[in-house]
Amino acid sequence: MLERIQKMLGNKAEQTDKTHVFDENGAIPKHIAVIMDGNGRWAKSRSLPRIAGHRQGMKTVKEIVKAADDIGVEALTMYAFSTENWKRPRDEVDFLMKLPQEFLTTELDELIERNIRIRMLGIQQGLPDFTLKALLAGEERTKNNTGLILNFALNYGGRTEITNAVTEIAQLVADGKLRPDEINDALVNDHLYTRDLPDPDLLIRTSGEIRLSNFMLWQLAYTELWFTDVLWPDFNKEHFYQAIAEYQGRARRYGAV
Ligand code: V07
């Protein structure tokens with residue numbers, strides 16, 4: 001088994017330390033959510049423009065998607081653009097809005113080969129046409145895939161998601177299709193973007209910030225939270241597997257009591 005893990009990690013000598021790899025026979029988190037923070041700081045530390053950090057960050061996305069797929073994760077949800085991010089400088093926003101298209105142009109064939117399904121969480125309205133077109137084409141071309149569900153949260157805010165659910169439910173009540181006493185957790189869940197996904201088992205946030213920043217507020221209620229100081233462009237599959245190893249350690253400990 002150690003041999004398989006070494007292969008997965010690329011056989012580097014320092015990675016044979018078992019404490020840094022997950023247990024293939026332990027529980028692999030079914031759904032992992034990721035806040036990809038630190039791209040701007042990574043660029044600044046190299047005296048590069050912020051967009052250089054975003055481009056490098058996209059390379060990390062590619063590596064982590066494959067790392068998740070390789071070990072049988074069922075859903076991976078990545079926070080690509082928040083409703084707050086519109087406040088950034090115009091040229092930075094323009095650059096970010098080109099990334100989905102760029103990502104799909106280079107990666108879609110491999111995603112299809114891997115049987116990965118792409119989906120978007122968030123508000124479509126407000127996105128540039130070319131961004132939305134690329135996203136919808138990616139969703140369409142992968143809609144029958146049955147492997148990893150790869151969610152990109154884009155123009156996403158957790159409170160807005162819950163507020164929209166409340167509005168839909170209120171409308172059902174106003175129309176006489178639902179009684180207030182029929183409203184419960186499961187019904188609210190059915191009005192979220194993630195209605196057909198399990199809640200995340202593990203949240204990863206990079207770059208040393210210990211906050212949720214309006215990400216998946218409802219869904220993260222019972223999720224294990226894992227934070228690292230590593231900046232997103234420096235994050236790699238070894239870090240990712242380390243997060244899973246620590247998740248498994250926590251699961252073992254509370255399994256023991
Ligand atoms: C974005 C790169 C990763 C770091 C975080 C911010 C910048 C991948 C996508 C993407 C989105 C949808 C899709 C395929 C790829 C993306 C934005 C920003 C807006 F279908 N990375 N990435 N989208 N960053």
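I count a contact when heavy atoms lie within 4.5 Å. Before the entries, two notes on the source. The model is predicted: local features need pLDDT of at least 70, side-chain atom pairs count only at pLDDT 80 or more, and totals for chains, interfaces and linings use all residues. Residues are numbered from 1 along each chain as its sequence is written, and side-chain values use heavy atoms, with hydrogens and water left out.

**Entry: Asn-189**

I looked up Asn-189 and found it in helix H7, residues 185-189. Helices (H or I, at least four residues) and strands (E, at least two) are DSSP runs, numbered from the N terminus. Leaving aside neighbours within four places in sequence, I list Arg-195, Asp-199 and Trp-218 as the contacts of Asn-189. Is Asn-189 buried or exposed? Its relative accessible area is 17%, so Asn-189 is buried. Buried means under 20% relative accessible area, exposed over 50%, and partly exposed in between, with a 1.4 Å probe and protein chains only.

**Entry: the ligand**

Next I turned to the ligand. I noted 17 residues around the ligand, the closest being Asn-39, Leu-96, Phe-103, Leu-135 and Phe-152. A residue is near a molecule or strand if one of its heavy atoms lies within 4 Å of it. Taken alone, the ligand exposes 510 Å², and the protein buries 98% of that. These areas come from the Shrake-Rupley method with a 1.4 Å probe; for residues, only the protein chains shown count as cover.

Which elements give two or more residues to the shell around the ligand? I wrote down helix H3 (50-70), helix H4 (90-113) and strand E4 (149-156). H4 gives the largest share, five residues. By type, the shell divides into 14 nonpolar, three polar and no charged residues. Here Ala, Val, Leu, Ile, Met, Phe, Trp, Tyr, Cys and Pro count as nonpolar, Asp, Glu, Lys and Arg as charged, and the others, Gly among them, as polar.

I looked at Leu-96, which is found in helix H4. Leu-96 has a relative accessible area of 10% and is buried. Not counting residues up to four places away in sequence, Leu-96 touches His-54, Phe-81 and Arg-88. I also checked Leu-96 against Thr-163: they are 67 residues apart along the chain, and their C-alpha atoms are separated by 26 Å.

Glu-92 is found in helix H4 as well. With a relative accessible area of 4%, Glu-92 is buried.

**Entry: Ile-149**

I placed Ile-149 in strand E4. The C-alpha atoms of Ile-149 and Leu-76 are separated by 6.3 Å, though the two are 73 residues apart along the chain. Setting aside neighbours within four places in sequence, the contacts of Ile-149 are Glu-74, Ala-75, Leu-76, Arg-117, Arg-119 and Leu-197.

**Entry: positive phi**

I then checked the loop between strand E5 (202-205) and strand E6 (224-227), where Ser-207 has its place. Phi of Ser-207 is near 80 degrees, a positive value in a residue other than glycine. At 2% relative accessibility, Ser-207 counts as buried.

Met-216 is also found in the loop between E5 and E6. Met-216 is not a glycine, yet its phi is positive, about 45 degrees. I noted 1% relative accessibility for Met-216, so Met-216 counts as buried.
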